[in-house]
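Here are some notes for a colleague who is opening this entry for the first time.

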Amino acid sequence: MSYSDAGHDAHHGDHDHHGPAPGLMRWVTTTNHKDIGTLYLWFSLIMFFIGGGMALIIRAELWSPGISVVDPMFFNSMTTMHAIVMIFGVVMPAFVGLANWMIPMMLGAPDMALPRLNNWSFWIMPFAFTIMLSTLFMDSGGPAGGWTMYPPLVLQMGDSFAFVIFAIHFLGISSVMGSINIVATIFNMRAPGMTLMQMPMFVWTWLITAFLLIATIPVFAGAVTMLLTDRFFETSFFSAAGGGDPVMYQHIFWFFGHPEVYILILPAFGIISHILPTFSRKQLFGYDSMVYATASIAFLSFIVWAHHMFTTGMPLAGELFFMFSTMMISVPTGVKVFNWVSTMWRGSMTFETPMLFAIGFVIMFTIGGLSGLMLAITPADIQYHDTYFVVAHFHYVLVPGAIYSIMAATYFWIPKWTGNMYDEKLGKLHFWISTIFVNVLFFPMHFVGLAGMPRRIPDYSLQFADWNMIATIGAFGFGFSQLMFVYIIFKCIKGGEKATGEVWEGARGLEWTVDSPAPYHTFEESPTITPSTITR
Amino acid sequence: MSDHPRATGKAHAMVAGKMLALAVAMFGFGYAMVPIYDIICEVTGLNGKTGRVSIAEAEAAKVDPNREVIVEFTSTINASGAWDFRPTVDQMQVKPGQTYQTTYFAQNLSDNTTIGQATPSVTPAAAAKYFNKTECFCFTQQVFEPRATKDMPLIFIIDPDLPLNVDRVTLSYTFFSSPGDNSTASLSPSLTSFAQEISQ
């Protein structure tokens with residue numbers, strides 16, 4: 001495509017180019033937001049199975065005490081890479097993919113604001129992850145010091161360290177470019193008459209997420225650059241011998257790292273705020289408070305970072321400050337959960353697959369939120385720190401949290417993407433099998449964690465054997481049931497009951513006013529905003 | 001961007017420019033956290049960072065004759081070097097406001113000329129900012145000939161404002177082989193060997 005679809009017939013050539021370019025080069029050179037969204041989503045799905053495979057290696061090793069399946073160094077590589085792949089290769093690209101597909105359609109815009117930048121943002125990622133994953137095949141092995149990459153341990157890694165850092169830089173550049181594009185789209189390309197406070201919640205949560213990304217990814221880039229120069233250019237940012245301090249790395253890292261965890265969940269909040277009202281046949285309860293709660297969470301995320309560091313020997317005043325500021329986050333989060341519950345209250349609810357995943361999200365994300373509140377309590381955290389309780393906590397907010405929201409979004413919008421309804425029976429089965437196994441997988445981790453089982457270690461004390469065996473059964477069950485998800489997606493692409501433009505009865509929002517499948521170019525003429533086309 | 005109406009393209013560039021500026025500023029902020037961190041540690045005494053005063057300041061301090069504080073000396077050798085390193089006395093009874101001198105003993109156990117660097121830390125952390133030094137071997141890098149020994153001086157004074165509940169202060173030194181020394185691998189050999197590895 002020599003022109004993006006944003007053109008308003010200013011160039012005569014546009015009339016001949018209203019479909020996608022033929023052949024594989026379509027995907028390489030595309031500037032179409034739907035194509036790029038699709039690329040992001042496929043990339044995320046592939047990485048989901050790579051990261052999931054790593055998780056299964058971890059769980060296979062933990063099936064029984066003792067070193068049984070892999071050697072400890074490789075085990076450590078797996079825990080590290082699993083985290084990096086799942087965070088930077090699955091959840092973030094999936095949300096960016098959904099943003100690409102849905103935000104222009106939700107705003108009544110013809111495309112993203114910067115379509116060529118958009119192409120770059122995506123195509124950097126496969127290369128970055130090729131570099132990242134290739135370290136596993138190098139002599140000095142992949143990164144094995146945990147995804148947080150604390151010095152001095154991480155500096156003891158071999159020369160493949162440089163590849164890891166450069167891959168992270170590329171991923172960061174991709175995220176920042178994608179975010180800049182999203183902010184520009186939201187500020188400049190809304191349909192005439194759509195005010196900020198009329199935007200769909202998914203757009204709002206992504207706007208705030210994009211700001212978080214732009215503000216924190218560069219800090220992370222700085223931190224890993226310091227690691228790089230400490231390792232290869234003899235600076236001493238984190239080396240005590242040269243006057244540096246390894247604890248400082250933790251401060252810089254978590255200044256990025258804590259907002260990052262909200263980057264991984266805010267778009268999920270947006271998705272859930274679309275699905276619950278649709279299947280409750282009501283409007284979202286408390287739209288304004290949802291917007292302000294999201295903004296409050298984003299603001300608070302910048303002043304809570306040291307709750308990851310309660311055991312580093314902070315002074316009491318610091319521990320108290322970070323404890324209270326952390327607990328304060330449960331207030332806006334609670335506002336959101338209660339608003340979702342109130343949205344469903346006395347609604348005409350039906351339980352199609354996206355709704356099941358959304359309700360599953362609300363319940364299980366709240367379990368993860370509650371264990372997070374327990375971890376926020378400084379004196380208790382000193383016991384829980386670096387145990388499987390922490391692993392249980394963040395997997396509850398990320399798997400039945402972020403991942404479930406992505407699956408819910410896929411089922412919710414796939415009829416719009418493909419023009420076909422997915423297989424509802426299989427979808428529901430996928431939900432129930434996943435939900436049973438995900439709890440078998442992660443719930444026992446609370447118990448072994450409270451009993452003191454440390455994370456990131458391939459061996460464990462005999463007393464933890466039974467629960468670990470159960471967790472491993474859950475892991476393999478959950479992992480293999482995701483093949484169902486892939487099957488359902490392929491089946492839906494190939495055919496099925498034709499979807500209407502509205503898809504879901506009474507669904508509100510501009511994306512439901514176009515045909516299913518959505519034409520290659522939508523909203524080349526700006527739509528008129530009416531009360532029934534805005535979601536609030 | 002030729003396909004956008006001119007005004008829209010300008011508006012996009014505006015937003016993108018502002019966001020890019022924010023990203024660049026935050027990259028700078030990451031680096032700014034390094035001096036900010038040091039200043040916070042110095043002001044609050046966090047991390048056991050000790051203070052440094054001039055001899056004139058130390059002489060001007062009022063001695064508190066009615067108070068005695070025990071200062072303990074400990075040492076740790078970092079795994080990266082072959083050293084003997086220990087305090088010559090384990091503890092001293094001192095009066096706040098008076099200047100004292102002691103030494104640490106160090107020997108280079110290797111057959112190479114090596115640079116050593118000591119880093120101090122004081123516990124309890126609340127006492128750190130009241131522990132001041134006029135002279136310390138930790139202020140500079142120490143060069144050791146092969147097998148050489150040194151008695152390295154330390155002159156310190158405890159601020160009379162030391163909180164009353166502190167009656168025992170521990171000064172700990174960790175001794176490192178200095179980075180940039182030949183005991184740590186330099187860039188070019190490691191990259192050369194790596195280049196060989198991947199070419200095989």
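**Notes on chain B**

1. The domain assignment divides chain B into domain 1, covering 1–44, and domain 2, covering 50–177. Please keep in mind that this is a predicted model. Taken over C-alpha atoms, the centres of domain 1 of chain B and domain 2 of chain B are separated by 43 Å.

2. One open sheet of chain B is built from five strands in the order 4-2-10-6-8, and its pairing is mixed. At its edges are strand 4 (91–94) and strand 8 (142–144) of chain B, each of which pairs on one side only. On average, and with direction ignored, neighbouring strands of this sheet are turned by 30° against each other.

3. Within that order, strand 2 (residues 69–77) of chain B runs antiparallel to strand 4 of chain B, and four bridges join the two. A residue pair to look up here is B:Val69, which stands opposite B:Val94 in strand 4 of chain B.

4. Which strand does strand 3 of chain B pair with, and over how many bridges? The partner is strand 5 (residues 99–108) of chain B, and the two pair in the antiparallel sense over five bridges. Along this pairing, B:Pro87 stands opposite B:Tyr104 in strand 5 of chain B.

Notes. Residues numbered from 1 in each chain as written. Chains lettered and ligands numbered in written order. Predicted model: local features only at pLDDT ≥ 70, side-chain atom pairs only at ≥ 80, totals over all residues. Domains from an automatic or database assignment. Pairing = 2+ DSSP bridges. Axes fitted to C-alpha atoms, helices over the stretch in contact; angles between N-to-C directions.
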